[in-house]
Number of protein chains: 2
Amino acid sequence: MKRIRIRKGDHIYEGIEMPSVEEDYIVLKLDNGYNIGFRREGIDIEVIGEFEGYSKKIEWKAETKYRKDLKDVAILGTGGTIASKIDYTTGAVYPAFSPEELEAMVPEIFEIANIYPREIFQILSENMDVDKWIKIGKTVVEEINRGRGVVIAHGTDTMHYTASFLSFTLKNLNLPVVLTGSQRSSDRPSSDSKMNIYCSVKFATTDYNRVVVCMHGSMEDTFCYVHRGVKVRKNHTSRRDAFQSVNTKPVARVSYDGKIEFFEDLPEKHEGKTYFDDRIEKKVFLLKVFPGISPEIIDFLIDEGYKGIVLEGTGLGHVPSFLYDSIKKGIERGVTFCMTSQCINGRVNMNVYQTGRKLKALGVIPCEDILPEACYTKMMHVLGHTEEYSEIKRLMRMNLSGEITKDTVIL
Amino acid sequence: MKRIRIRKGDHIYEGIEMPSVEEDYIVLKLDNGYNIGFRREGIDIEVIGEFEGYSKKIEWKAETKYRKDLKDVAILGTGGTIASKIDYTTGAVYPAFSPEELEAMVPEIFEIANIYPREIFQILSENMDVDKWIKIGKTVVEEINRGRGVVIAHGTDTMHYTASFLSFTLKNLNLPVVLTGSQRSSDRPSSDSKMNIYCSVKFATTDYNRVVVCMHGSMEDTFCYVHRGVKVRKNHTSRRDAFQSVNTKPVARVSYDGKIEFFEDLPEKHEGKTYFDDRIEKKVFLLKVFPGISPEIIDFLIDEGYKGIVLEGTGLGHVPSFLYDSIKKGIERGVTFCMTSQCINGRVNMNVYQTGRKLKALGVIPCEDILPEACYTKMMHVLGHTEEYSEIKRLMRMNLSGEITKDTVIL
């Protein structure tokens, strides 16, 4: 990679040239970490050197650092912004979650746990898919069965989808599984990586044996909230505190000084060994409903062999009545339809209006206050275990992993 | 309709039998307005009389009540919960938005405006579609051109979709168009109808010449918030204060004592007569993206002749890279793709990651902080006017009706 100098009018910029997808633009990583783009037209570009990449390679001596008084925590890398320092520097030698990188970024974590970094893969999280979830799940089980709490570094785009998938498929969990990420890359001054990793590692040393997401609790670098993996959502495109618990309060608050405050009791311990339940039905579709949607889309999904369709309905759980015939046809052919709400907050209630009752009579399963994203992953799990409608309905309406908040329905 | 008495164990319930879609259930409207459902098995049912329906018919004398010192406000009925007293009572004689009904429910509105009620149709709002929107739009224009501010009573499920559609298609608006509805039906003690109608009529007498939504501002019966039609969303399935402005503050607050507090300046007056712009492209699809979505769905929409697809992407505006080829094919065939975010809050930014830049290079149009629902209706409007990509892009990224909040992009 080249170190270049750009002259634009009276201004001079120096930095490393980044790969750019648009030919008429050049992107520079400035020394302060920020990227800046220039239209090639009207600027002078001068190559002033070669950039070697982050090539120093230090031998990691986990054993020599091992402390008997600390718990063991595995940090699993999957890519995303939290690892994006490396994303930009193609040709760099060591991976983002190498111990060296972690030690340089958050040395404090080595004081609170014995750290075992491990890279599963390097992707941006919009490219997450079911096969990668399975790979993550199986890796988590390996680490848990070595007695290590787990932190998963993950892109934020789909972190809540992954968290809910793991919530349903990791069984007999007896240590915490904490997903975390970063809304600003770790080589930028405003990065949230450092505190998110610190708080996540801290939480991974507790006895809270469930899948959670741990991210900034406010705009400041003061504390993180820990959210149930099935009840959390990325509710803002860019804010550090984008992740919020929906229809429930967070599990805990982890301060940057290491203090943990729980808002609920610790779950009970499970009997038996942790394992990954790989009975998963991949052919599930998450369909948002809107005025002007056409029944042909449902016919198409039925013809494509989808086994389950999560409807993100309007209001209390409704769809236009011109979809009824297609839904009916789907149900007759063994497709399961589950109802969630695009309102995001609140609970589906298909008893209030006749249209809701009609959909229920057709066989659409009302899914209480399960988030559409969590309902999607739950359906993959449930349909992997049974094809019988009454059993599917029983499981979808049963609280398997905290996805249904116990509450009376407020009309 | 029959008045019946139900005996279940030691309890006795009396009320009017409601239509029920499930044969093994009976639904009773109690005298306090609440509905209650019973499984027919194990109860005694006794018919104790006939219910005549709300059959009194009073001659309305708008002219005799006309007061020169008050502004004129048309109240247009379209159905929904706010009119559900009638929904339940099939066979009732007068429509929900008859003057008699309004006078019985909110007599105060006749003190603040000359009221002109008019029913357009009676539907539940999940059945709203583009043709009905056009009908509403044309009716609004008629009333505006009679010098009347307009209140539209609407089901809450899709009220924000309708509000954004009207925001783009009503041109040269010189009087307010206020959509309102009800989360609890008007024959129930907890109904929010009364205050919502009152505050909406009050706001319809102002000079704020835009399309807005006016609904409860809190759980209490104290004030309503007025939201821009393009920036509002139903964010809760059942709460009275479900409607919230997203990425911006409300336009105004209307207290139940009639006081209006504006949070922004009044818009300028338009030259020329108000009209409805009926150049609309109906073949637009709103597609929520999720891990595990397949490119076949996009291929299908292209083959079905859709002209526009609003992507509800993840994070800052991303889709899995395995969709790129299908999106590219669509764009080559003249389909427009616009990017919004399923985070709901925040702004799309396709410059931060290479995947975003790649999508932009393919021709996907980043739509700033336009809500997915508003982007859907905007695209119908824009594609109705031009098929040229550069012009579509210019219009989609231009602030036409307040749908784009002016703000620097926070990374």
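Colleague: Which residues of α11(B) are buried?

Modeller: Burial is a neighbour count: a residue is buried if 20 or more other C-beta atoms lie within 10 Å of its own, exposed if 12 or fewer, and partly exposed in between, with C-beta atoms placed from the backbone. In α11(B), the buried residues are B:P372, B:E373, B:A374, B:C375, B:Y376, B:T377, B:K378, B:M379, B:M380, B:H381, B:V382 and B:L383. That is twelve of twelve residues, and the helix is mostly covered. This is a predicted model, in which local features need pLDDT of at least 70, side-chain atom pairs count only at pLDDT 80 or more, and totals for chains, interfaces and linings use all residues. Residues are numbered from 1 along each chain as its sequence is written, while chains are lettered from A and ligands numbered from 1 in the order in which they are written.

Colleague: What do the buried residues of α11(B) pack against?

Modeller: Packing is read from contacts, where two residues count if their C-beta atoms, placed from the backbone, lie within 7 Å. Helices (H or I, at least four residues) and strands (E, at least two) are DSSP runs, numbered from the N terminus. The elements that α11(B) packs against are the helices α6 (159-169) and α12 (389-396) and the strands β13 (232-234), β18, β19 (308-313) and β20 (336-341), in chain B.

Colleague: How many Å does helix α11 of chain B reach from its first C-alpha to its last?

Modeller: The expected span of a helix is 1.5 Å times one less than its number of residues. Helix α11 (residues 372-383) of chain B reaches 16 Å with twelve residues, close to the expected 16 Å. Helix α5 (residues 130-144) of chain A, with 15 residues, reaches 21 Å, close to the 21 Å expected.

Colleague: Which residues in α5(A) are buried?

Modeller: An α-helix has 3.6 residues a turn, so residues three or four places apart point the same way. In α5(A) the buried residues are A:W133, A:I136, A:G137, A:T139, A:V140, A:V141, A:E143 and A:I144. Their cover includes α6 (159-169) and the strands β6 (71-77), β8 (149-153), β9 (170-171), β10 (177-180) and β17 (275-276) of chain A.

Colleague: Which residues have the most contacts inside the largest nonpolar core?

Modeller: A nonpolar core is a set of buried Ala, Val, Leu, Ile, Met, Phe, Trp, Tyr and Cys residues joined through C-beta atoms within 7 Å. The largest one has 203 residues, and A:V150 and B:V150 have the most contacts inside it. Neighbours within four places in sequence aside, B:V150 is in contact with residues including B:V140, B:I144, B:V177 and B:V178.

Colleague: Which way do B:V177 and B:V178 point from β10(B)?

Modeller: B:V177 points one way along with B:L179, B:V178 and B:T180 point the other way, and all are buried. For the neighbours of a strand, look at the pairing, which needs at least two DSSP bridges. Strand β8 (residues 149-153) of chain B runs parallel to β10(B), with four bridges; there B:A153 stands opposite B:T180. Strand β11 (residues 211-216) of chain B also pairs with β10(B) in the parallel sense, over three bridges, and B:V212 is the bridge partner of B:V178.

Colleague: Which strands stand at the edges, each with a single partner strand?

Modeller: Take the open, parallel sheet of four strands in the order β18-β19-β20-β21 (chain A). Its edges are β18 (284-288) and β21 (365-366) of chain A, so one side of each is left without a neighbour in the sheet. Strand β19 of chain A pairs with strand β20 of chain A over six bridges, and A:L311 stands opposite A:M339.

Colleague: Where is A:E368 found?

Modeller: A:E368 sits in the loop between β21 and α11 (372-383) of chain A. Although not a glycine, A:E368 has a positive phi of about 50 degrees. With 22 C-beta neighbours inside 10 Å, A:E368 is buried. B:N172, in the loop between β9 and β10 of chain B, has a positive phi near 55 degrees, but with 15 such neighbours B:N172 counts as partly exposed.

Colleague: How many residues of chain B are in contact with chain A?

Modeller: 55 residues of chain B touch 55 residues of chain A. β18, α8 (295-303) and α10 (354-362) of chain B each supply at least two residues to that side, and α10(B) gives the most, with five.
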